[in-house]
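Student: I am new to this structure and would like to go through a few parts of it. Could we begin once it is shown?

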Amino acid sequence: MLRRDFLSTTLIKGFGLVGISTISATRNLSSHTSLEEAQFSDLIASWERRGFKVFRHPHSKPILRDGTKTLKASIGSSASILINPAERKVVKIFHPHGITVGGTPLTQSSPDVLRFFYRKEAEILSALNGFHGPLLLEKDDVTQTLVMEYLGEDLLTLEKHKDLSLSEKSTVDFIDFNLRLSALGYRRLSFFKTNSYLRNGRIAYGDFKDTLTESSVDPNHYLAAIVKAGGTHFPQSAVQQVIEALTGKTILPSEIQRIIANTELNSSTWNEAHKV
């Protein structure tokens with residue numbers, strides 16, 4: 001039996017540089033291990049030899065269990081993340097045998113879906129070229145690996161450990177980012193705090209699997225996503241301003257609430273829009 005030791009790293013402050021603790025984790029590669037699993041193990045090991053460590057988000061919680069085994073966590077779904085704080089780089093691997101930042105198997109593990117996610121993320125990162133997001137430094141189409149700029153602590157971590165104060169600049173950042181996405185033909189349907197960051201005091205965004213082609217997005221779903229982002233990505237008082245800037249419409253508060261009440265942003269809607 002071949003045994004490989006992995007270093008599973010917990011970053012106490014999200015993607016931050018403070019409080020790194022190392023936990024030993026072991027994967028056994030037996031005769032039952034598939035070639036794909038072995039190749040993925042070798043891929044992870046190669047990055048670890050370069051100083052990268054597997055990232056586990058400290059605020060991820062189990063939401064689905066089978067006895068003592070966690071099947072699904074609150075954070076992470078379709079990629080494995082490794083970080084090298086010294087080089088200020090993040091590696092994202094879209095592989096069916098990957099492990100999420102929540103420490104669970106991928107919930108989106110279809111090779112076709114992962115290929116779709118990888119290609120879309122690479123395309124959008126290249127087009128944005130660091131505009132309110134990470135710079136794409138390297139990509140490998142064979143292993144479906146992206147190497148990106150390290151962005152720092154995510155908004156969830158900042159919210160839990162520091163004062164997360166949103167200024168007028170955050171409203172401008174949110175509008176500018178989404179207008180640029182729209183110019184590229186995309187709209188984002190969710191703004192999770194774990195995929196959003198502060199870089200030099202300005203909001204930046206990562207993870208584009210929930211960014212859909214503009215023609216496939218229901219306008220009400222887009223409006224709901226904008227309103228839901230209020231208070232965490234820009235001040236709640238700026239919701240009307242953001243809606244008008246991104247949709248060209250002025251919508252009464254009562255109408256907004258009616259639309260939100262009748263709009264469910266769920267996984268079936270999301271998967272249907274992707275049409276993978």
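Student: How much space lies in the second largest pocket?

Tutor: Keep in mind that this is a predicted model. For the second largest pocket it comes to about 250 Å³.

Student: Which element gives the most to the lining of the second largest pocket?

Tutor: The lining includes Glu36, Gln39, Phe40, Leu43, Pro111 and Arg115. The elements that give two or more residues to this lining are α2 (111-128) and α1 (35-49). The one that gives the most, with 4 residues, is α1.

Student: How many residues of that lining are charged?

Tutor: Among the lining residues are Glu36 and Arg115. Glu and Arg both count as charged. The lining divides into 6 nonpolar residues, 4 polar and, as charged, 2.

Student: Is Arg188 buried or exposed?

Tutor: Arg188 is placed in strand β10, residues 186-188. Buried means under 20% relative accessible area. Because Arg188 has 0% relative accessibility, it counts as buried.

Student: Which residue has its backbone oxygen at 2.8 Å from the side chain of Arg188?

Tutor: Beyond four places in sequence, Arg188 is in contact with residues including Phe177, Tyr205, Gly206 and Asp207. A polar atom of the Arg188 side chain lies 3.0 Å from the backbone oxygen of Ser190. At 2.8 Å, the side chain of Arg188 reaches the backbone oxygen of Gly206.

Key. Residues numbered from 1 in each chain as written. Predicted model: local features only at pLDDT ≥ 70, side-chain atom pairs only at ≥ 80, totals over all residues. Heavy atoms only, no water. Buried < 20%, exposed > 50% of the residue type's maximum accessible area, 1.4 Å probe, protein only. Polar contact = N/O pair within 3.5 Å; in protein donor to acceptor, adjacent residues only side chain to side chain. Contact = heavy atoms within 4.5 Å. 1 Å grid on protein atoms, 1.4 Å probe; cavity = no way out; pocket = protein on both sides within 12 Å on 5 of 7 lines; lining within 4 Å. Points joined across faces, edges and corners; volume = space filled by probe spheres on them.
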